[in-house]
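Subject: Structure handover

Hello,

Here is the structure I said I would pass on. My notes on it follow below.

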Amino acid sequence: MPAGSERPARRLRVRRGGDVAMTGLRLLFGYAPWLAWQLTVAVVRLAADVCTPGSTQRPRIVKLSMQGLSDLEVTLLTSSITITPGTLVLGIAPESEHGPRVAFVQALFGADQRSVMADLEHMRDKVQAAFGSRGPGGAR
């Protein structure tokens, strides 16, 4: 390269036009505080259930679609689900001719399957928003 002519710095891309710095900021200031609050609420709910007579647990196993998520997003989402008290990712079925990649999640507190799915889909939307691949609510 001739002296004085420099190439513009290339920015590292995470996914669909997002750069690493912005993704890091969205994770640090958006997703991490939200997840910390979710963990706090789950701990209090589980502790209250254990420390009081009777049980409000209604275990359910649901199938959560991972369609459109990158491997990194799947890792963050499934780790977030598993560290949340009262939920556990039992396994992930790979994408196949029968359908998209899905995670099987056990939730201890589920009034019904619809409410459990709504909570998990909200967490999935938060992960996608943090990576800039979708906004909250799933809008691209």
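A term first: a nonpolar core is a set of buried Ala, Val, Leu, Ile, Met, Phe, Trp, Tyr and Cys residues joined through side-chain atoms within 4.5 Å. Buried means under 20% relative accessible area, exposed over 50%, and partly exposed in between (1.4 Å probe, protein chains only).

This is a predicted model, in which local features need pLDDT of at least 70 and side-chain atom pairs count only at pLDDT 80 or more, while totals for chains, interfaces and linings use all residues. Residues are numbered from 1 along each chain as its sequence is written, and side-chain values use heavy atoms, with hydrogens and water left out.

Overall layout

The chain has 3 helices and 5 strands, arranged along the sequence as β-β-α-β-α-β-β-α. Helices (H or I, at least four residues) and strands (E, at least two) are DSSP runs, numbered from the N terminus. Of the 140 residues, 29% count as buried. The chain exposes about 8,900 Å², and carbon and sulfur atoms supply 60% of that area; accessible areas come from the Shrake-Rupley method with a 1.4 Å probe, and for residues only the protein chains shown count as cover. Contact means heavy atoms within 4.5 Å. Among contacts between residues at least 6 apart in sequence, 64% join residues at least 24 apart.

The core

The largest nonpolar core holds 21 residues, and L77 and I81 touch the most other members. At least two residues each come from α1, β3 (60–65), α2 (71–83), β5 (102–107) and α3. Helix α3 gives the most, with 6 residues. Apart from neighbours within four places in sequence, I81 is in contact with L64, T87, L88, V89, V105, L120 and M123.

Helices α1 and α3

The axes of α1 (residues 20–51) and α3 (residues 113–130) come within 8 Å and cross at roughly 155°. Helix α1 is therefore roughly antiparallel to α3. Axes here are lines fitted to C-alpha atoms, for helices over the stretch in contact, with angles running from 0 to 180 degrees between N-to-C directions. Angles under 35 degrees count as roughly parallel, over 145 as roughly antiparallel, 65 to 115 as roughly perpendicular and the rest as oblique.

On the α1 side the contact involves T23, R26, L27, Y31, W34 and L35, which meet H122, M123, K126, V127, A129 and A130 in α3. These residues divide into 8 nonpolar, 2 polar and 2 charged. In that count Ala, Val, Leu, Ile, Met, Phe, Trp, Tyr, Cys and Pro are nonpolar, Asp, Glu, Lys and Arg are charged, and the others, Gly among them, are polar.

W34, in helix α1, counts as buried at 14% relative accessibility. Leaving out neighbours within four places in sequence, W34 is in contact with H122, M123 and K126. The C-alpha atoms of W34 and M123 are separated by 9.5 Å, although the two residues are 89 apart along the chain.

Two partly exposed residues

Q106 lies in strand β5 and is partly exposed, with a relative accessible area of 25%. Beyond its neighbours within four places in sequence, Q106 is in contact with P59, R60, I61, G86, T87, L88 and L90.

S79 is found in helix α2 and is partly exposed at 36% relative accessible area. Its C-alpha atom is separated by 8.2 Å from that of V89, 10 residues away along the chain.

Regards
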